Amino acid sequence: MSARPATLPFGAAPCEAAAAQRFAVWLLSCIAVTFVLTFGSLVIGTSSIGTSMRWILSPDAQSSVVLWQIRLPRTIGAWCAGALLGLAGAIAQGVFRNPLAEPYLLGTASGAALGLTISLIAADASIGGLAWATKLGVTGAACVGAAGATLLTISLARGVLQTRSLLLAGVVVAFLLGAILQLLLLSRFEIWRTMQTFLFGSTAFISWSSVGLLGGVLCICIVPAALLSRGLDALTLGEDTAQSLGVSLPMVRLTLLGIVSLATATSVGQVGVVGFVGLIAPHLVRETLSINHRRLLIAAPLCGGALLQAADLASRWVIRPAELPVGAVTACVGGSYLVFLLWRRSRNG
Amino acid sequence: MSRTSRAARAAPLCVLRALLALVLPGAAHAALPSQADPGPPIPAPTSSPTPAPIPAPRHPITLRDDSGREVHLAQVPQRIVSMLPSLTETLCALGGCSRLVATDRYSDWPPEVRALPKAGGLEDVQIEQIVRLRPDLVLLSRSQRISDRLRELGVESVALDTQTYAAIARTVTAIGQILGVPARAAALEQRIDAAVRAVGAQALAHRHGAGPTVYFEVDAAPYAAGADSFIGELLTRLGTRNIVTPDLGPFPRLNPEYVVRHDPDVILVSEIQAPHLAERPGWDRIRAVREQRVCSFAPAVRDTMVRPGPRVAQGMRAIESCLERVAP
């Protein structure tokens, strides 16, 4: 982290005060939305809203389990996982200077899923419920897989700056690793279906220990990311400029990609492969605010958290008491948004 | 077999996955612990004895399979591929085992089918392998949607629905027709039904009051067996009350809090998942988990209850013997 440039012209916008004000308003509204969604998650479930309200006011033994052991960790865990993905997406888009970069499209998530599956098979464990030590080990394996997949994508794309070939390489890596994963699972068909469902995104079994893990990693990731945000700003101006500003590019990139891998792996380990949150969250922020990376790295996780919370809520509400895969919900919304982005880019240029 | 088949009412997304329940119950390489054949102690009250043997309908026959396609068979097929374990079991129970030239990779009962070539699974049917074996007929699950492709390649197939209890009888009838042994099929149907009734009657004699509430987990997603599925029907006939009501469809993917809220007396689950139930958020508070009223089944035993075929009564008996232990 020796990469802090001495001086930078960014952030010295003419109307800095107004920008700061807009940013503050944006943050507050995002937090407000999160609170609303959290409350919504407490009252929406397999019981009617009226019943849930009564539970909150006068809980009995069973309803307090449902409220505080199931619904609350579930929604907070979804928020943390979404925040990790939003952070990973914001960093990836900055590092690759590519507005479409995100863990899912880069193959990072597939690498994490593969690492996760290999470690689960090796430990002869199942995803339903895991002890703490296993959870950490599994997350570590997922992280190795995520980092490996990201490096593979970069080397296939011959560097980080080939916008189109990077996406292509990411998709190739995602397919390749996905295929290996399927082959592995086919050999263990007693866990095949459970893993399929989980890998398609599942917030169903988030416990307080999952929340602890997700929250802890979020804290671990966000601090170095914020410290390196100026490096990201410098990268936005181009490599030459960044270098002339004294940014040690390989070091910054490596650290940032490490953060992307850790964030993605932790989220995949707890909620499966949830695509597009990492893509949409930074975009939604940039659509409404014009900001530097220091602020983006705070706003994108907040936005991603709220997005996954909303998707989780939708997944268990639409066909309650049955559930939709949460990954399918985000893929529907995110996929449409990706199409919109591509359409707008082609129209503009 | 009184129930009419009902269309899957679960969300379409769930249906396909839930169907997998029928083919992926677990690796069953060990033979079943030797259990005597059903041997019904009570004759089935409703099934009238068939005095005169029905003359076998001569092929050619035309039948309509469960995906609504008309299938024409000029003669009894000599080379058959079965792509679902329950269909393999039914075919063999009707004496058609020697006609099998390949099965799906999960078919492992009766033991003689284990040596046959494998042509993929439910979602990865190896069409090339099937075509190379030049079968006269392929037996499929309705979810396998490859009938048209096979027909283009000159291979006839019959797709059968296997979600409900009534579907078991319909499958037996259909395969009996195909093999030209309708009388034998009728007898098998009766035998299955009589055995199921017998186990049910024995169980009901033990039950007092309303019977325990149960949750049958098909897999850890969690997919459950609804009251409308064949598993659900077996549970109902054992005098238990399924917490997963018919309106949720045969194999819904549940919000786990549903199970916590309905607090079943007994949970039926696979051996792999049983030790992990208490680690799921909030599940340590479910009465069945707290009081260890959890029935877990080894893969080979579980196969008998998750395959809608001739061995369902055996599966039912395994469930009942566990119920007697944990919820007397």
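B:Asp263 counts as partly exposed, because it has 17 C-beta neighbours inside 10 Å. A residue needs 20 or more such neighbours to be buried, and 12 or fewer to be exposed. The model is predicted. In it, B:Asp263 sits in the loop between helix H8 (256-262) and strand S10 (266-270) of chain B. Its phi is near 40°, a positive value in a residue other than glycine. Most residues other than glycine have a negative phi, and most peptide bonds are trans.

Chain B holds another case. B:Arg134 has a positive phi of about 50°, although it is not a glycine. B:Arg134 is found in the loop between helix H3 (127-132) and strand S5 (137-141) of chain B. Is B:Arg134 buried or exposed? It counts as exposed, because it has 11 C-beta neighbours inside 10 Å.

Now look at two prolines of chain B. The peptide bond from B:Trp109 to B:Pro110 is cis, with omega near -10°. B:Pro110 lies in the loop between strand S4 (100-103) and helix H3 (127-132) of chain B. The bond from B:Ala221 to B:Pro222 is also cis, and its omega is near 5°. B:Pro222 belongs to the loop between S7 and strand S8 (223-224) of chain B.

Next comes a glycine. B:Gly68 lies in the loop between strand S1 (61-64) and strand S2 (70-73) of chain B. B:Gly68 is exposed, because 8 other C-beta atoms lie within 10 Å.

Turn to helix H7 (residues 230-237) of chain B. Here 6 of the 8 residues are buried, so the helix is largely enclosed by the rest of the structure. Which residues of H7(B) are buried? They are B:Phe230, B:Ile231, B:Gly232, B:Glu233, B:Leu234 and B:Leu235. Their cover includes helix H5 (165-179), strand S7 (213-219), strand S9 (241-242), helix H10 (299-306) and helix H11 (312-326) of chain B. Just after H7(B), B:Gly239 takes a positive phi of about 80°.

Move on to chain A. Its secondary structure comes to 14 helices and 0 strands. With 349 residues, a compact globule would have a radius of gyration near 20 Å; chain A has 20 Å, so the two agree. Along its principal axes, the C-alpha trace of chain A spans about 65 × 50 × 40 Å. Buried residues make up 53% of the 349 residues in chain A. Take the contacts in chain A with a separation of 6 or more. Residues 24 or more positions apart account for 81% of them.

Helix H3 (residues 61-95) of chain A has 35 residues. From its first C-alpha to its last it reaches 50 Å, close to the 51 Å expected at 1.5 Å a residue. Where does H3(A) bend? It bends by about 30° at A:Arg71, and a proline, A:Pro73, follows within four residues. H3(A) is mostly covered, with 29 of its 35 residues buried. After the helix comes A:Arg97, whose phi is positive, near 45°.

Nonpolar side chains tend to be buried together in soluble globular proteins. The largest nonpolar core here has 100 residues, and A:Leu84, A:Leu87 and A:Ile91 have the most contacts inside it. H3(A) gives the largest share of this core, 14 residues. What does A:Leu87 touch, not counting residues up to four places away in sequence? It touches A:Cys221, A:Ile222, A:Ala225, A:Ala263, A:Leu297, A:Ala300 and A:Pro301. A second, separate core of 92 residues includes B:Val158, B:Ala167, B:Leu188 and B:Met316.

The last stop is helix H8 (residues 208-227) of chain A. It has 20 residues and reaches 29 Å from its first C-alpha to its last, close to the 28 Å expected at 1.5 Å a residue. In H8(A), A:Ser210, A:Val211, A:Leu213, A:Leu214, A:Val217, A:Leu218, A:Cys221 and A:Ala225 are buried. These residues cover an arc of only 160° around the axis, so they lie on the same side of H8(A). An α-helix has 3.6 residues a turn, so residues three or four places apart point the same way. On the other side of H8(A), A:Gly216, A:Cys219 and A:Val223 are exposed. What covers the buried residues of H8(A) includes H3, helix H5 (132-156), helix H9 (229-236), helix H11 (249-271) and helix H13 (293-317) of chain A.

Methods. Residues are numbered from 1 along each chain as its sequence is written. Chains are lettered from A and ligands numbered from 1 in the order in which they are written. This is a predicted model: local features need pLDDT of at least 70, side-chain atom pairs count only at pLDDT 80 or more; totals for chains, interfaces and linings use all residues. Helices (H or I, at least four residues) and strands (E, at least two) are DSSP runs, numbered from the N terminus. The expected span of a helix is 1.5 Å times one less than its number of residues. The bend at a residue is the angle between axes fitted to the seven residues ending there and the seven starting there. The arc is that of the directions from the helix axis to the C-beta atoms. Two residues are in contact if their C-beta atoms, placed from the backbone, lie within 7 Å. A nonpolar core is a set of buried Ala, Val, Leu, Ile, Met, Phe, Trp, Tyr and Cys residues joined through C-beta atoms within 7 Å. The radius of gyration is taken over C-alpha atoms; the globule rule is 2.2 Å times the number of residues to the power 0.38.
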